[in-house]
Amino acid sequence: MGHGTNRVEDMASPNNGNTAPVTANARETIVEIHSVCLPPKKTTFQKLKKRFGDVFFPDDPLERFRNQTWRNKVILGLQSLFPIFTWGSQYDLKLLRSDVVSGLTIASLAIPQGISYAKLANLPPIVGLYSSFVPPLIYSVLGSSKHLAVGPVSIASLVMGSMLSESVSPTQDSILYLKLAFTSTFFAGLFQASLGLLRLGFVIDFLSKATLIGFTAGAAVIVSLQQLKGLLGIVHFTGKMQFIPVMSSVFSHRSEWSWETILMGLGFLAILLTTRHISMRKPKLFWISAASPLVSVVISTLLVFLIRNKTHAISFIGHLPKGLNPPSSNMLYFSGTHLALAIKTGIITGILSLTEGIAVGRTFASLKNYQVNGNKEMVAIGFMNMAGSCTSCYVTTGSFSRSAVNYNAGAKTAVSNIVMASAVLVTLLFLMPLFYYTPNLILAAIILTAVIGLIDYQAAYKLWKVDKFDFFTCMCSFFGVLLVSVPLGLAIAVGVSVLKILLHVTRPNTVEFGNIQGTQIYQSVKRYREASRIPGFLILAVESPIYFANSTYLQERILRWTREEETRIKENSGSTLKCIILDMTGNYFCSHLSHVHEFLDSSSLLMFFFFGIVLAVSSIDTSGIEAVFELRRRLEKQSLQLVLVNPVGSVMEKLHKSKIIESLGLSGLYLTVGEAVADLSSTWKAHGQI
């Protein structure tokens with residue numbers, strides 16, 4: 001750990017071969033060797049406080065309250081808890097006009113979708129409309145997104161229906177099924193709100209993008225196949241959600257197929273898909289796709305009403321009760337043999353709906369350049385589901401299709417949700433008898449049109465091109481949902497994702513570095529042709545913290561690097577290996593940026609910067625310390641020196657307390673790889689070793 005100024009020969013100009021000679025340049029330069037300092041002393045409480053703050057409060061939510069009067073603190077507190085106070089004071093008629101238009105537009109989509117998705121969850125259709133009334137009102141007060149349109153969604157509906165129906169029949173034991181649906185919704189909301197209040201949103205990050213792509217596509221296929229019941233007019237249909245049982249049920253009940261249902265169903269499906277395609281090609285015509293479901297419901301209902309006496313092959317919804325949401329708090333199921341099922345269903349649907357809601361909210365917020373607070377969204381979605389479970393609603397969240405319509409219709413604030421809820425209220429109070437003859441085939445066509453866009457084959461192809469392991473995770477999720485079951489398919493995909501993390505942690509990558517000609521930068525000799533090995537040195541970097549889970553592996557891997565390097569030297573008659581340098585930060589170029597701009601552009605500099613951060617050994621535990629100590633001892637037996645380069649603060653502190661720094665000596669710790677190479681080469685030359 002030398003410091004001061006030493007006169008050494010410049011080591012930064014290797015030749016065109018694979019190894020840079022020690023005396024590549026005749027000119028001599030003055031190289032200053034800097035000390036590696038210990039971090040400032042902190043108590044255990046101070047360390048825990050900082051770590052706790054970094055993990056749970058990265059955004060420092062209390063910053064805005066500092067240096068404020070008590071009155072301002074109260075106002076800021078209300079705005080923090082209820083975002084409506086932030087924009088409500090500036091609300092005017094111009095904003096109201098935009099929100100009314102967008103609210104009525106999404107209502108035309110929300111009403112038929114609410115009825116359809118409730119049937120997807122094996123619930124009475126009226127529950128879907130109930131779920132489009134209370135939750136949007138609560139979200140408009142608590143939510144931070146201006147464009148998120150709240151209501152039932154296909155994936156959460158499918159998961160709830162498939163998980164609950166495995167144990168309880170929605171037809172034979174409808175009351176118990178309804179109780180479990182409301183209870184699952186309560187636990188979903190409780191779980192979501194808890195994540196937000198405790199700032200544990202990182203839990204949902206375990207659902208990687210690859211997992212969600214595969215899961216969503218698999219669920220979309222299952223949802224689509226389930227709609228064959230309505231499109232073909234099948235009466236007796238399997239309640240299972242796997243591909244093989246569904247297809248088997250379709251063809252084993254060919255005698256129940258109705259040509260009238262098929263003809264009308266395919267006709268309306270073609271209309272809905274055509275309007276969707278038009279809106280996608282020309283976003284200004286979004287209203288065509290938004291209005292087409294409700295228009296299709298009206299037209300199909302009229303057709304069924306007119307031909308009701310001529311054919312009985314087309315099934316329809318039947319009676320739907322009028323009135324506001326009846327209370328359901330007395331139906332919550334908190335004891336009994338099915339409680340565990342309700343909790344499990346609530347947590348899984350809660351995670352899925354939360355992931356979708358936050359992702360959709362952030363997507364449209366980025367388009368309008370405003371922030372959506374993830375923790376506030378968790379609290380808002382959680383509370384609206386808890387309240388919904390007490391008012392005959394099931395799991396709701398932000399829907400991508402309705403939010404897209406809301407955005408394109410010009411929504412300015414969350415008031416659009418209030419307008420939508422008001423339209424649903426009018427429907428519940430006065431228009432329910434009009435849905436009596438609404439055919440089930442139109443509900444199936446609406447669901448098919450909505451979920452077809454969830455199969456993102458382009459994203460899957462991109463995964464294949466970029467990361468084969470992510471593609472494998474995606475396929476595990478897809479086929480798990482398709483062939484096994486919806487919850488198990490999700491569990492398989494999450495398991496594969498966790499396995500990827502464990503492999504990365506337990507078997508981290510190690511990289512051999514060489515010097516880039518004309519600089520003090522050291523980079524991977526495999527990635528950069530201009531990076532050349534330095535005679536007498538083996539320079540390695542570890543792309544991971546050193547933990548108990550990987551310490552033994554890293555020790556053996558570094559020793560293997562040493563053996564391979566000695567073998568390579570013998571085969572090429574090179575200089576004897578004397579030192580192994582372990583770069584523990586990757587920031588080997590930071591002190592020499594003045595050289596970098598001579599041959600790298602700005603984008604390459606940015607790449608170097610991030611690469612350096614990734615390579616940092618950010619932490620070490622006692623097992624890792626023991627591994628470093630044992631590695632030093634084993635290398636010494638081979639007459640090799642171990643040198644550490646710039647451990648980060650916490651690692652340096654632990655190495656110092658464990659006395660490893662003392663055992664390494666003054667020449668065992670350096671600030672940069674360049675200084676280590678220059679100083680050690682100078683010492684060897686002074687002693688006639690090179």
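**Exercises on a predicted model**

K500 pairs with D467 in a salt bridge (a side-chain nitrogen of Lys or Arg within 4 Å of a carboxyl oxygen of Asp or Glu), with 3.4 Å between the closest N and O atoms. This is a predicted model, where local features need pLDDT of at least 70, side-chain atom pairs count only at pLDDT 80 or more, and totals for chains, interfaces and linings use all residues. Residues are numbered from 1 along each chain as its sequence is written, and side-chain values use heavy atoms, leaving out hydrogens and water.

**Exercise 1.** Work out which parts the K500 and D467 pair ties together.

*Solution.* Start with the elements: helices are DSSP runs of H or I, at least four residues, numbered from the N terminus. K500 lies in helix α21 and D467 in the loop between α19 (457-466) and α20, so the pair links parts 33 residues apart in sequence. Now widen the search: the whole structure holds 11 salt bridges.

**Exercise 2.** Describe how α12 meets α18.

*Solution.* First, take the axes, which are lines fitted to C-alpha atoms over the stretch in contact, with angles from 0 to 180 degrees between N-to-C directions. Those of α12 (residues 259-281) and α18 (residues 440-451) come within 9 Å and cross at roughly 35 degrees. Next, list contacts (heavy atoms within 4.5 Å): α12 residues including M264, F268 and R276 meet α18 residues, among them L441, I446 and T449.

How values were computed:
Helix = DSSP H or I, 4+ residues; strand = E, 2+ residues; numbered from the N terminus.
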